[in-house]
Amino acid sequence: MDIVRRSPAGLVIKIIAIEISLEIIYLLLSTALVEVRSQAGESYTLARAILSVMFLSLAITAVVTLVAQWANEGYYIKENELVVRRGIIHKTEISYPYANMQSVSVQQGFFGRLFNFGLVTIFIPTLGKDILFNEISAPKKFAQILKDHIPYAESGQFLIRK
């Protein structure tokens with residue numbers, strides 16, 4: 001049973017985006033606090049310390065949550081099905097039999113090509129929808145493995161997509 005995870009590069013990009021967002025919000029709030037410093041008096045130092053501790057806690061919580069989510073999500077390639085496992089506290093497991101899959105496609109943007117991750121889409125006609133797998137490491141390899149497991153991929157025995 002092979003496991004496929006989301007790309008570590010995608011995780012790093014998310015962490016950087018959250019950290020930059022938190023820093024911008026912190027900068028705006030601390031600038032506003034400086035503007036009211038003359039009115040705040042001694043409570044300015046306390047307010048600044050509380051703001052710093054609050055944003056440090058938010059940053060640590062965000063990073064820990066993102067890493068925990070990344071570590072607890074995996075796509076397991078079994079003999080007859082693809083199993084998706086997710087969750088930290090509330091764990092879910094969804095199985096997609098290869099026999100129900102019709103097509104697999106890959107999309108990669110600039111950063112995806114640069115860091116070798118992308119979106120893999122699987123069309124399942126029995127559900128009438130696409131299943132999306134975001135930020136997959138080596139998406140072309142993952143897609144090829146899935147295509148190799150689809151029993152009737154070439155014969156077109158499924159419904160035509162609308």
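In this predicted model, strands β5, β6 and β7 form an open sheet, in that order and with antiparallel pairing. The edges are taken by β5 (103-107) and β7 (129-137); each has a single partner strand, so one side of each is left without a neighbour in the sheet. On average, neighbouring strands here are turned by 20° against each other, direction ignored. Between β6 and β7, which run antiparallel, there are seven bridges.

Thr 121 gives a view of this sheet from within strand β6, which covers residues 117-124. Its bridge partner in β7 is Leu 132. Is Thr 121 buried or exposed? Its relative accessibility is 10%, and because buried means under 20%, Thr 121 counts as buried.

A second open sheet has four strands, ordered β1-β2-β3-β4, again with antiparallel pairing. Its edge strands are β1 (2-4) and β4 (92-97), each of which pairs on one side only. From one strand to the next, the twist averages 25°. Strand β1 is joined to β2 (residues 74-77) by three bridges, and the two strands run antiparallel.

The next residue to look at lies in a helix. Val 63 belongs to α3, which spans residues 43-71. Not counting residues up to four places away in sequence, Val 63 touches Ile 15 and Glu 19. Another residue of interest is Ile 16, which is 47 residues from Val 63 along the chain; the C-alpha atoms of the two are separated by 9.4 Å. How does Val 63 count in terms of accessibility, and why? Val 63 counts as partly exposed because its relative accessibility is 26%, and partly exposed is the range between the under 20% of buried and the over 50% of exposed.

These pieces can now be placed in the whole chain. The protein chain has five helices and seven strands. Read from the N terminus, the elements follow the order β-α-α-α-β-β-β-β-α-β-β-α. The radius of gyration is 23 Å, well over the 15 Å that the globule rule gives for 162 residues, so the chain is more spread out than a compact globule. The C-alpha trace spans about 75 × 30 × 30 Å along its principal axes.

Of the 162 residues in the protein chain, 30% are buried, and Thr 121 counts as buried. Taking contacts between residues at least 6 apart in sequence, 49% join residues at least 24 apart. The accessible surface of the chain comes to about 10400 Å², and 62% of this belongs to carbon and sulfur atoms.

Definitions and conventions:
Residues numbered from 1 in each chain as written. Predicted model: local features only at pLDDT ≥ 70, side-chain atom pairs only at ≥ 80, totals over all residues. Heavy atoms only, no water. Buried < 20%, exposed > 50% of the residue type's maximum accessible area, 1.4 Å probe, protein only. Contact = heavy atoms within 4.5 Å. Pairing = 2+ DSSP bridges. Axes fitted to C-alpha atoms, helices over the stretch in contact; angles between N-to-C directions. Rg over C-alpha atoms; globule rule 2.2 N^0.38 Å. Areas by Shrake-Rupley, 256 points an atom, 1.4 Å probe, with all protein chains shown as cover.
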